[in-house]
Amino acid sequence: MRSFINVQDIGPLDKALAEATEIKNDRYKYQHLGKNKTLMMIFFNNSLRTRLSTQKAAMNLGMNVIVLDVNAGAWKLETERGVIMDGDKSEHLLEAIPVMGCYCDLIGVRSFAGLTDREYDYAETVLQQFIKYSGRPVFAMETATVHPLQAFADLITIEEYKKVKRPKVVLTWAPHCRALPQAVPNSFAQWMNAADVDFVITHPEGYELDPRFVGDAHVEYDQKKAFQGADFIYAKNWSNPGVTNPADYGKITSRDMSWTVDTEHMSWTNEAKFMHCLPVRRNLIVTDDVIESPNSIVIPEAANREISCSVVIKRMLEAL
């Protein structure tokens, strides 16, 4: 596996899930693969779970790890061609990337959407430059449009907690005080479409995700109807994707608090498990009583980030 961005990169999901189970039972089984190998983790944006879980996974596999916070201690990087660099950015990404590649064997990149230029974000401009110029295998640690390590961990968690062979999984939009990217819902939708689940997306009208990620999922604008019979509720805010109106891209066009997941919402379900990628704004996305309930599996879900990342790094090491 030379790159890991989308669900197609992981191959058959049954094999990936079996590998996840194997690694979870023995996290250090493949330490020999990473001996004398180095992972470089490059962060253009903040992180908690991604930073910790990815570093832990790499260490489990015997790797050395270098962490670079681009906005804290490194030169400010220019990302655009043709720019006269007479401002506060001292180095161009096109020189920085191959230099980074000299010091490592694998690269993980975290670079969020700017939410001002949809074409730029959805072209994955920063990530694609790493793939093209680093000379190293590259995986996404959340980018402008995707967060596959999270979605893979979500799928592992659903497999562990499902009570029926083909559970109903609902991705629900919820309100937020800030404009957030679509990366998590995009990847979650992509991975659920590839999995053997009954998948429903619910959100206010105008918040339609990009069709390439929605796929064949059923979109239901009535949240109560969407929740009925659900086995898993995955709550997540996203800013307007600009699909129906490009001028709205990255904006907050709804603050409807009736979409906040509370006890009443969960009562519409089939005693569903509650999921969220974290961090979560309590009493905006979800109420205290729901996230603290026995049916909340946000902590096991976060723990599985170590496992999803271990599978990905293991496969990349095997391909070196």
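In which sense do strand S6 (residues 106–110) and strand S7 (residues 138–140) pair, and over how many bridges? In this predicted model, S6 and S7 pair in the parallel sense, over three bridges.

Strands of a sheet pair through backbone hydrogen bonds, in either a parallel or an antiparallel sense.

We turn next to a pair of helices. Two packed helices are described by the angle between their axes together with the distance between those axes. For helix H1 (residues 13–25) and helix H6 (residues 148–161), the axes come within 11 Å and cross at roughly 80°, which makes H1 roughly perpendicular to H6, because angles of 65 to 115 degrees are counted in that class. On the H1 side the contact is made by Leu13, Ala16, Leu17, Ala20 and Lys24, which meet Phe152, Leu155, Ile156, Glu159 and Glu160 in H6. The residues of this contact divide into seven nonpolar and three charged, with no polar ones.

The loops remain, and here the backbone deserves a careful look. What kind of peptide bond joins leucine 278 and proline 279? The bond is cis, with omega at about 0°, and proline 279 lies in the loop between strand S12 (273–275) and helix H11 (288–291). Asparagine 283 also lies in the loop between S12 and H11, and has a positive phi of about 65° although it is not a glycine.

Glutamate 124, in the loop between helix H4 (118–122) and helix H5 (125–133), is likewise a residue other than glycine with a positive phi, here near 50°. Is glutamate 124 buried or exposed? With a relative accessible area of 8%, glutamate 124 is buried, because buried means under 20%. Asparagine 283, by contrast, is partly exposed, with a relative accessible area of 38%, a value that lies between the 20% limit for buried and the 50% limit for exposed.

Notes
Residues are numbered from 1 along each chain as its sequence is written. This is a predicted model: local features need pLDDT of at least 70, side-chain atom pairs count only at pLDDT 80 or more; totals for chains, interfaces and linings use all residues. Side-chain values use heavy atoms; hydrogens and water are left out. Axes are lines fitted to C-alpha atoms, for helices over the stretch in contact, and angles run from 0 to 180 degrees between N-to-C directions. Helices (H or I, at least four residues) and strands (E, at least two) are DSSP runs, numbered from the N terminus. Angles under 35 degrees count as roughly parallel, over 145 as roughly antiparallel, 65 to 115 as roughly perpendicular and the rest as oblique. Contact means heavy atoms within 4.5 Å. Ala, Val, Leu, Ile, Met, Phe, Trp, Tyr, Cys and Pro count as nonpolar, Asp, Glu, Lys and Arg as charged, and the others, Gly among them, as polar. Two strands pair if DSSP finds at least two bridges between them. Buried means under 20% relative accessible area, exposed over 50%, partly exposed in between (1.4 Å probe, protein chains only).
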